[in-house]
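Trainee: I would like a close look at a single part of this model. Please take one residue and its surroundings, then turn to the annotated site.

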Amino acid sequence: MTKQHSALLILNGKHSANPELRKAIQYLRADGHTILVRIPWEQDDTYQFIEEAISQNVETIIAGGGDGTINAVSSALMLFPEDKRPTIGILPLGTANDFATSANIPKNIISAFELAVKGQSKAIDIVKVNQNAYFLNMATGGFGTRITTETPDALKSTLGGAAYVLNGLLRPDTLKTDNCKVEMDNFSWEGETLVIAVGNGKQAGGGQQLTPNALINDGKFNLLVVPARDVIPALLTNLFSYEKNAHLIEKETTKVTISSPHKMTFNLDGEPLTDERFTFEILPEAIHCRLPPQCSLLS
């Protein structure tokens, strides 16, 4: 007999009328699973929904939306004691779906929903930023932040992930540098940067594999720094290629501090965070996530 599961879907409100989603919920309920649905309205709603689910012994909290929804759900989970956190499931409904794509989560809504409810739970890492922010996938600064935060919704709806790249290339004003200092054990660098990426996952910005060797269960994250000097002319030809680029600074670490004499903005899985100093620290196996057997983010 198939085990029955309970799950709370925290859904981005833009997708509440999606007929395929409604069909998937009906299908799983007909199979005997308990599926609750909540749509956040206020800032604290996600936390309160999870608190309610924990009190009802719900096994899984499903993030239904894009990378920003995943960020909101996983960050809220981190506010609960480790032994109280339900497993997170991913239902990719956003534009870029960078984390879900890297994790090989099915694009089909019913298949993804089944995985989110019944899939095998794996312990994965999360990255803590300063004292009160987190991300599962990637934080980007510089040009990478601008193309992901400033791309118009209409362009994203029409072109999907390719919109991020197209918008960046069509707007030379986005190619601005940041002056920053990077500090970690046995390494320090200071200068003008075009892109900074802290990757627990592999890609951001609608498919740009900034840290292609990153894994979410290896107890570390990957750092990419693209110095501005000599790099801008090469942007269109080889910056985001898979071949080794001599201009790039690439490191694996568990903690890094990035500071600047002025305000910088990092995009944490779609959520902007502005400060003059950022400390990124890996929290190994901090949460559990339902992932497919072929997930390319696992070691």
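**Arginine 290 and the annotated site**

Mentor: The side chains of arginine 290 and threonine 60 are joined by a polar contact of 2.9 Å (a pair of N or O atoms within 3.5 Å; within protein, one must be able to donate a hydrogen and the other to accept it, and residues adjacent in sequence count only if both atoms are side-chain atoms). This is a predicted model, in which local features need pLDDT of at least 70 and side-chain atom pairs count only at pLDDT 80 or more, while totals for chains, interfaces and linings use all residues. Residues are numbered from 1 along each chain as its sequence is written, and side-chain values use heavy atoms, with hydrogens and water left out.

Arginine 290 belongs to strand E13, residues 271-290 (strands are DSSP runs of at least two residues, helices H or I runs of at least four, numbered from the N terminus). Leaving aside neighbours within four places in sequence, the contacts of arginine 290 include Glu59, Thr60, Ile88 and Lys118 (contact means heavy atoms within 4.5 Å).

The UniProt annotation "binding site", from an unreviewed entry, includes Asp67 and Ile70; such annotations may be inferred rather than shown by experiment, and the positions follow the numbering used here, with feature names shortened. Aspartate 67 is in helix H3, residues 67-77, and a polar atom of its side chain lies 2.8 Å from the backbone nitrogen of aspartate 98. Isoleucine 70 is also in helix H3.
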